[in-house]
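Let's take a walk through this one together, starting with charged side chains and ending in a loop. Keep the 3D view open as you read.

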Amino acid sequence: MSPSPDNTLVVFDMTEPPTYSYFTLNQSHPYRLVIDFQRTRLDFDLDQLQSKSLMVTKVRTSTPKSPDSVRIVLELDKKVDANFQVLPPQGTYGHRLVVNVPGAAMERDSSVLSADDLQERKVTVAIDAGHGGEDPGSIGPSGTYEKDVVLPIARALAKMINDDPAMQAYLIRSDDYYVGLNERPRKAERINADLFVSIHADGFHTPQPRGASIWVLSNGRANSEMGRLLENKERLSDVLGGIPASESGDAMLNQTLVSMSMDINMVGAHEAATEVIKELKSITRMHKAQPQSASLAVLTSSAMPSMLVETGFITNPTEEKLLRSNQHQQKLARAVYQGVRNYFLRRPPDGTMFASARASRHVVKSGESLSILAQRYNTTVAAIKERNNLRTSVIRVGQVLDIPAPN
């Protein structure tokens with residue numbers, strides 16, 4: 001059983017494709033969803049299943065229709081219409097029946113911003129902790145689940161962003177539950193996010209690979225073996241989560257406008273990813289020193305730049321230990337935060353505090369020049385010289401310069 005803010009998934013693992021029927025009893029509370037499995041026996045003690053769902057309050061048996069059948073009763077807090085889906089064997093899982101019970105199943109964490117808490121003039125970053133619930137993600141050699149290390153990193157990143165007066169964070173997944181891959185960017189779109197950041201921990205079939213990397217959307221096939229593995233892992237995640245990715249969609253709808261918007265946001269994603277990589281290099285090993293490309297469902301929004309941050313290889317014993325460390329998780333979150341902030345300093349969205357800032361101050365360091373500073377702050381050499389009344393382009397170490405607002 002996997003509760004989330006929007007629904008509860010109750011998943012039955014079967015040795016063969018299930019044959020079943022169901023009906024509801026809504027005359028009194030608790031309301032009941034009754035499922036009859038034909039030619040089936042129950043090989044599980046339901047007393048071990050403690051419900052943490054506010055919607056599905058109990059799962060129990062009842063008198064079966066026949067000696068070779070099993071009757072399961074889901075006691076519900078509200079009258080709802082459940083959806084049923086039969087999944088074939090996939091990966092380490094066999095046949096499954098997934099019962100999707102809609103409705104709020106858990107209390108919202110009061111420390112996490114809701115959509116109603118967001119403010120218009122702040123830059124909004126949607127943070128997506130990968131996997132969750134039924135889908136553990138990659139698994140480390142000592143049994144660490146990817147879903148359990150990326151959530152605290154995402155929470156730490158959200159706190160740092162929310163502590164910044166010019167920014168605010170929205171967590172796509174704020175606890176241990178699953179959100180469908182296509183639904184993740186849609187949630188970011190509904191809150192008009194300026195950037196989508198998905199946090200993951202990489203996995204491989206051997207323990208040697210290590211290091212962080214960042215992925216951005218490619219309209220074509222992945223440009224590396226790692227990218228192809230990531231694409232396959234993403235498709236598997238939706239199957240394990242009980243909600244396979246949709247293959248439908250009107251490809252012709254506003255095709256030209258969507259394509260133009262997607263191209264702009266892919267450029268923005270590459271710039272943001274480059275800024276984050278600069279920061280990650282200072283605190284961890286990099287598997288790839290440049291943004292990588294893959295065709296990933298979570299990155300397909302045409303409304304905002306999107307990137308997927310692989311914080312390290314959880315299948316590497318050394319990095320698995322690091323990823324479990326609170327200190328390392330904080331460092332990773334800080335690096336992503338600083339990279340994201342640097343990106344918005346260079347590319348501030350209209351109407352935000354970044355865009356309205358009149359100037360920044362910069363202390364010149366060794367090796368810096370006006371052209372380097374102009375590129376870093378998205379301005380021009382002429383603008384910096386005018387702001388500081390400079391007659392030449394020569395600057396000295398320790399000199400304090402006013403940096404004009406980005407172009």
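Let's begin with salt bridges, where a side-chain nitrogen of Lys or Arg sits within 4 Å of a carboxyl oxygen of Asp or Glu. By that rule there are 17 salt bridges here. Side chains of opposite charge can pair when their charged atoms come close. A quick word on what you're looking at: this is a predicted model, in which local features need pLDDT of at least 70 and side-chain atom pairs count only at pLDDT 80 or more, while totals for chains, interfaces and linings use all residues. Residues are numbered from 1 along each chain as its sequence is written, and side-chain values use heavy atoms, with hydrogens and water left out.

Find R96 and D13, whose side chains meet in a salt bridge with 3.2 Å from N to O. The pair ties distant parts of the chain together: R96 is in strand β8 (residues 95-102) and D13 in strand β2 (residues 7-14), 83 residues apart. Strands, by the way, are DSSP runs (E, at least two residues), and so are helices (H or I, at least four), all numbered from the N terminus.

Another pair to look up is E75 and R60, with their closest N and O atoms 2.7 Å apart in a salt bridge. This one also links distant parts of the chain, with E75 in strand β6 (residues 70-76) and R60 in strand β5 (residues 56-62), 15 residues apart. E75 is buried, with a relative accessible area of 14%, but R60 counts as partly exposed at 25%. Then there's R190, which meets E183 in a salt bridge at 2.3 Å, N to O. In that pair R190 is exposed at 55%, and E183 is partly exposed at 29%.

Back to β2 and β8, then, and the sheet around them. Which strands form it, and in what order? Four strands make an open sheet, ordered β1-β2-β8-β7, with antiparallel pairing. At the edges are β1 (2-3) and β7 (83-87), each pairing on one side only. Strands of a sheet pair through backbone hydrogen bonds, either parallel or antiparallel. Two strands count as paired if DSSP finds at least two bridges between them; β2 and β8 pair over eight bridges, in the antiparallel sense. If you'd like a spot to check, N7 stands opposite P102 in β8.

A pocket is found on a 1 Å grid over the protein atoms alone, as an open set of points with protein on both sides within 12 Å along at least five of seven lines; a cavity is a set of points where a 1.4 Å probe fits but cannot get out, and lining residues have an atom within 4 Å of a point. Of the 24 lining residues, F12, D13, M14, L42 and D43 lie nearest its centre. The largest share of the lining, five residues, comes from β2. By class, the lining has 14 nonpolar, four polar and six charged residues. Nonpolar covers Ala, Val, Leu, Ile, Met, Phe, Trp, Tyr, Cys and Pro, charged covers Asp, Glu, Lys and Arg, and the others, Gly among them, are polar.

As for cavities, the structure holds two of 30 Å³ or more.

Last stop: S295, in the loop between β13 (292-294) and β14 (306-313). S295 counts as partly exposed, at 33% relative accessibility. The C-alpha atoms of S295 and V216 are separated by 8.3 Å, though the two residues are 79 residues apart along the chain.

Methods: Buried means under 20% relative accessible area, exposed over 50%, partly exposed in between (1.4 Å probe, protein chains only). Grid points are joined across faces, edges and corners, and a volume is the space filled by probe spheres set on the points.
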